[in-house]
Amino acid sequence: MKTSLYANLQNKIIIITLVVALAPLIILGTTMYYQFSQTCRDKIEEQIRYRSMAQAEAVDLFLKERTAILGAMAASHSLNEMIDEKNISRVFEVMNLWAGAFVDLGVIDSAGHHLAYVGPYDLKGLNYYQQPWFAEVMSKGTYISDVYMGYRQLPHFIIAVRRQQGQSSWVLRATVDPDIFGGIVRSAQIGKTGDAYLIRRDGVFQTSPRFDGRILGQSNLDTRLFGGRTTVIEQENAAGRKILYSGSWLRNDKWLLVISQDPADQMSGLFAARNVEIVIIVFGILAIILATIFTTYLTVRRLRQADLRMNELNAELIQTDKLAAIGKMAAGVAHEINNPLAVILQKTGWMEDLLFEEDFRDSKNLKEYKESIEIIEEYVERARKVVHSMLGYARKMEPHLEDVDINGIVNQTIDMLENYARINNIDIQTDLDKDIPIIAGDEAQLQQVFMNLISNAIDAIGKNGLVQVKSRRKDTQITISIIDDGPGIPRDQQKKVFDPFFTTKRAGSGTGLGLWVTYDIVKGMGGTIILKSEMEKGTTFMVNLPIIIPEKK
Amino acid sequence: MDYFRVLIVDDEKPFVDTLVNRFNKRNIDTAGVLSGEEALELMKEKLFDVVILDIKMPGGMDGIETLREIKRVQPLSEVILLTGHGSVETSIEGMKLGAFDYILKPVKLEDLLVKMAEAFEKKDAHDQKIRSAKIKELIRFPGRVLDQEKEEK
């Protein structure tokens, strides 16, 4: 019952301490991790946004340069000059020398006839009049096509510019090398999972992506998600991973430059930090749990010990209180009994006196009367003795201080009891410390103490045994032990032996007041009596007296 | 001196009566009263050599108060205190106030007689001293003592 109470308390303390200690730790850990990963993500998003913008600028610039050189060539040559095979070849060389990335170059008149051509394919003589781009370049002046297969069955795109010459106009058209163009776009790829490509508004790839498709294939991105100039979105890819996509529209508004990135790829630093954090928190939690359990165990054990001590102390206090109350009661009872006894004694005395008068002297029962009176007197005397010892006759006396030699008193007392012990074949041995000083005390009271304890020891043994009396000095205390090898005192009786009227002796042979008076005397001298008893082994009474040095006279 | 006068003061009537009877039977001039007030009343009229006084009497004057008054009325009489319980402290206080001794109840008549004899001896010795002092005084200044005696009357 009591044990479970402490176990309960211990569990409660442990649980409360752990909750209070661990909750903030875990909350702090998660919050920090969340904040840190958010910051990290923001940074990655910012980076990818910036890269897509920069790359879009670069692609725009590339197209603008190509368009510009084409326009410059068209402006600086007439149609007649341009259709000359030698001239167009030279122009093509100059263009590739200063700008590069052109695959071929052709001149088309306003009717759509391909008049001149430099390049690897035989396209001269084809008519482009029906092609949609031709109409557009004729109306707008410049034109950049989407990537398409065309006559040559290879993905490519063209740039065309119109030259107005007098009333008529013609078109200079060049094909851009898809490998070089694709290379420029792809240069924005980074990491193991990064990708960069162009898609059309309808989602068709305009350059080869690294993953998830091929040129002129259909991308799974919905371009409507990308508004404004640059937009970052997160979307799951085919493999089910969350991927960040940043798309920037080029100036022509037809092409979207997309840079994709798996954030996990860039967050390895974060994960490392997270792992370190988890390890620290786990070790922290372990340390807290162990420390909590250990300290709680210690605390509860202390508490338990303190409780035990307190209980003992309380028991002692109750005992002292009880004895004090009994003492007060005894004084009252003594008065009430002694007065009647006094009257009885005087009355019997009076009867005794009268027995010697003549009338009675002749009575044949005179002897009987006298005997009865004597027995009454004897029993009054016995009652008187009980009441007087109950009052602790000695204890009520003001202890009268004199120089006392403890060993001397012990020896004297033993001398008095020697005969009694010898009759019962009990040996009394002494082991007295010569170092014991003369102290201030009451010799008569001390003699009563030793008398009670040693005669009790003899009575406890009964016949055949050994009583040892030891005296020792320790610091400011003298300890006198009276050890018998009698049957011992049962545990349940050990607490009662100092109670008045508690006796195990035959009725009439002990008043049950000896140890009570002894206890009071020792207490009055500022000492203590300790009882140790083991069944079948014997009993030890230890009297501890403080050393009070007598005043010098 | 074989003849002396004794007063017994105790609230227990049978005790007082019996004791008075027993003392009188032994030719000791004894009177008994049941309270301190009665004792003082009687002592104003009659001289006693020894007073046996119970310390604890319920109601009215207690033993110690009575003792104080007795010592005022008849400073030369000796008082033996009787105590029914172990209030030795009170007995000691009584002795400081001039009581001769104390004795615990119940007491055997023989023991009481011994104490009384001792008390009387002391008182007698004291009286002797006073007498011899008076005699010396009378021899040296006969007139003064006679004048004093007159004044006292």
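Which residues are buried in helix α5 (residues 178–186) of chain A? Keep that in mind while we look around; what you have here is a predicted model.

Let's start with chain A as a whole. Chain A is built with 14 helices and 16 strands. Of its 553 residues, 27% are buried. Now look at the contacts in chain A with a separation of 6 or more: 62% of them come from residues 24 or more positions apart.

Back to our helix. In α5 of chain A, the buried residues are F181(A), G182(A) and V185(A). They share one side of α5(A), because the arc they cover around the axis is only 100°.

Next, hop over to R241(A), which sits in the loop that runs between β7 (230–236) and β8 (242–249) of chain A. Is R241(A) buried or partly exposed? It has 13 C-beta neighbours inside 10 Å, so it counts as partly exposed. Leaving out residues up to four places away in sequence, R241(A) touches E236(A) and D262(A).

Finally, where do the two chains meet? On the chain B side, 18 residues are in contact with 20 residues of chain A. Helix α1 (residues 13–25) of chain B gives the most to that side, supplying seven residues. Sort the chain B side by class and you get seven nonpolar, five polar and six charged residues.

Conventions
Residues numbered from 1 in each chain as written. Chains lettered and ligands numbered in written order. Predicted model: local features only at pLDDT ≥ 70, side-chain atom pairs only at ≥ 80, totals over all residues. Contact = placed C-beta atoms within 7 Å. Helix = DSSP H or I, 4+ residues; strand = E, 2+ residues; numbered from the N terminus. Nonpolar A, V, L, I, M, F, W, Y, C, P; charged D, E, K, R; others polar. Buried ≥ 20, exposed ≤ 12 C-beta atoms within 10 Å, placed from the backbone. Arc of directions from axis to C-beta.
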